[in-house]
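Please keep the model open while going through these notes. Each point takes up one topic and can be checked on its own.

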Amino acid sequence: MEHLKTCPKCNAKLKLSADGETQYCVICKYWTKLGTARLDSIMIYA
Ligand SMILES: [Zn+2]
């Protein structure tokens with residue numbers, strides 16, 4: 001599982017979204033799904 005603590009783009013602190021599976025950055029709107037790089041499921045959520 002890969003947990004990011006800071007945004008790879010602007011280095012701000014990432015927040016955990018309400019679904020508990022997505023981390024997002026309030027500064028630049030970067031977001032990533034926890035522990036997976038499955039783009040298919042990311043597109044469903046987007
Ligand atoms: Zn950011």
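1. Glu21 has a relative accessibility of 34%, so this residue counts as partly exposed (buried is under 20% relative accessible area, exposed over 50%, partly exposed in between, with a 1.4 Å probe and protein chains only). The model is a predicted one, so local features need pLDDT of at least 70 and side-chain atom pairs count only at pLDDT 80 or more, while totals for chains, interfaces and linings use all residues. Residues are numbered from 1 along each chain as its sequence is written, and side-chain values use heavy atoms, with hydrogens and water left out.

2. Which residue forms a salt bridge with Glu21? The partner is Lys33, and the closest N and O atoms of the pair are 2.9 Å apart (a salt bridge is a side-chain nitrogen of Lys or Arg within 4 Å of a carboxyl oxygen of Asp or Glu). This pair links distant parts of the chain, since Glu21 is in the loop between β1 and β2 and Lys33 is in strand β3, 12 residues apart. Lys33 is buried, with a relative accessible area of 11%, whereas Glu21 is partly exposed. The structure holds one salt bridge.

3. Thr32 also belongs to strand β3. Thr32 is buried, at a relative accessible area of 16%. With neighbours within four places in sequence left aside, Thr32 is in contact with Leu4, Glu21, Thr22 and Gln23 (contact means heavy atoms within 4.5 Å).

4. What coordinates the zinc ion? The donors are the SG atoms of Cys7, Cys10, Cys25 and Cys28, at 2.2 to 2.4 Å (donors are N, O and S atoms within 2.8 Å of the metal, or 3.2 Å for Na, K and Ca; water is not among the atoms, so sites may look incomplete). Along the chain, the donors of the zinc ion follow the spacing C-x2-C-x14-C-x2-C.

5. Cys7 is buried, at 1% relative accessibility. Cys10 is partly exposed, with a relative accessible area of 33%, and Cys28 is partly exposed, with 27%. Not counting residues up to four places away in sequence, Cys7 touches Ala12, Leu14, Cys25, Cys28 and Tyr30. How many disulfides does the structure hold? The count is zero (a disulfide is a pair of cysteine sulfur atoms within 2.5 Å).

6. Phi of Asn11 is near 70°, a positive value in a residue other than glycine. Lys29 is not a glycine either, and has a positive phi of about 70°. Most residues other than glycine have a negative phi. Asn11 is in the segment before β1 and is exposed, with a relative accessible area of 58%. Lys29 is in the loop between β2 and β3 and counts as exposed, at 63% relative accessibility. The C-alpha atoms of Lys29 and Cys7 are separated by 9.5 Å, although these two residues are 22 residues apart along the chain.

7. The protein has one helix and three strands (helices, H or I with at least four residues, and strands, E with at least two, are DSSP runs numbered from the N terminus). From the N terminus on, the elements run β-β-β-α. Of the 46 residues in the protein, 26% are buried. Among contacts between residues at least 6 apart in sequence, 12% join residues at least 24 apart.

8. Where is confidence lowest, and where highest? Helix α1 (residues 39-45) has the lowest, at a mean of 52, and β1 the highest, at 92 (pLDDT is the predictor's confidence in each residue, from 0 to 100). For the protein the mean pLDDT is 79, and 70% of the residues reach 70 or more.
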